Amino acid sequence: MPVREIVAAVCIIIGLLVVICATFGVFRLKYVLNKMHAAALGDTMGLFFIVLGLIILSGNVFIIAKFILIILFFWLSSPIATHMIAKVELLTNQNAEERMKEK
């Protein structure tokens, strides 16, 4: 097995582990902002490693360009969506400050 396939497999496995951990974080954490943080990390970091593994496996320049555009789109849209959801949570939740102080 070539080294390229091994490195790609390792990247894809790391990405899958990050996504799985983020999924457990979304279901286990109680507060909305904490759940959002777990989802955002899984979205950006997990997707990056999976697509990086696919880029390593791919040999076509056009396919690599498409993968890079996918990563850029998610990295530009995910923080904006996360910020908007957090803003709505803070504006609509009356007890947001008390919940943030809890440990």
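The accessible surface of the protein chain amounts to about 7600 Å². Carbon and sulfur atoms hold 74% of that area. The model is a predicted one. Of its 103 residues, 23% are classed as buried.

The fold consists of four helices and zero strands. Read from the N terminus, the order of elements is α-α-α-α. The C-alpha trace extends over about 55 × 25 × 15 Å along its principal axes. The radius of gyration is 17 Å, whereas a compact globule of 103 residues would have one near 13 Å. Contacts were also examined by sequence separation. Among those with a separation of 6 or more, 69% join residues 24 or more positions apart.

Charges were considered next. The protein chain carries 9 positive and 6 negative charges.

Three aromatic pairs were counted. In the pair of F73 and F74, the ring centres are 5.9 Å apart and the planes meet at 80°. This angle is over 60 degrees, so the pair of F73 and F74 is edge-to-face. F74 has a relative accessible area of 30%, so F74 is partly exposed. A single aromatic cluster is formed by F48, F49 and W75.

Notes
Residues numbered from 1 in each chain as written. Predicted model: local features only at pLDDT ≥ 70, side-chain atom pairs only at ≥ 80, totals over all residues. Heavy atoms only, no water. Helix = DSSP H or I, 4+ residues; strand = E, 2+ residues; numbered from the N terminus. Rg over C-alpha atoms; globule rule 2.2 N^0.38 Å. Buried < 20%, exposed > 50% of the residue type's maximum accessible area, 1.4 Å probe, protein only. Contact = heavy atoms within 4.5 Å. Areas by Shrake-Rupley, 256 points an atom, 1.4 Å probe, with all protein chains shown as cover. Lys, Arg positive; Asp, Glu negative; His and termini not counted. Charge placed at Lys NZ, Arg CZ, Asp CG, Glu CD. Phe/Tyr/Trp six-rings, centres within 6.5 Å; stacked < 30°, edge-to-face > 60°.
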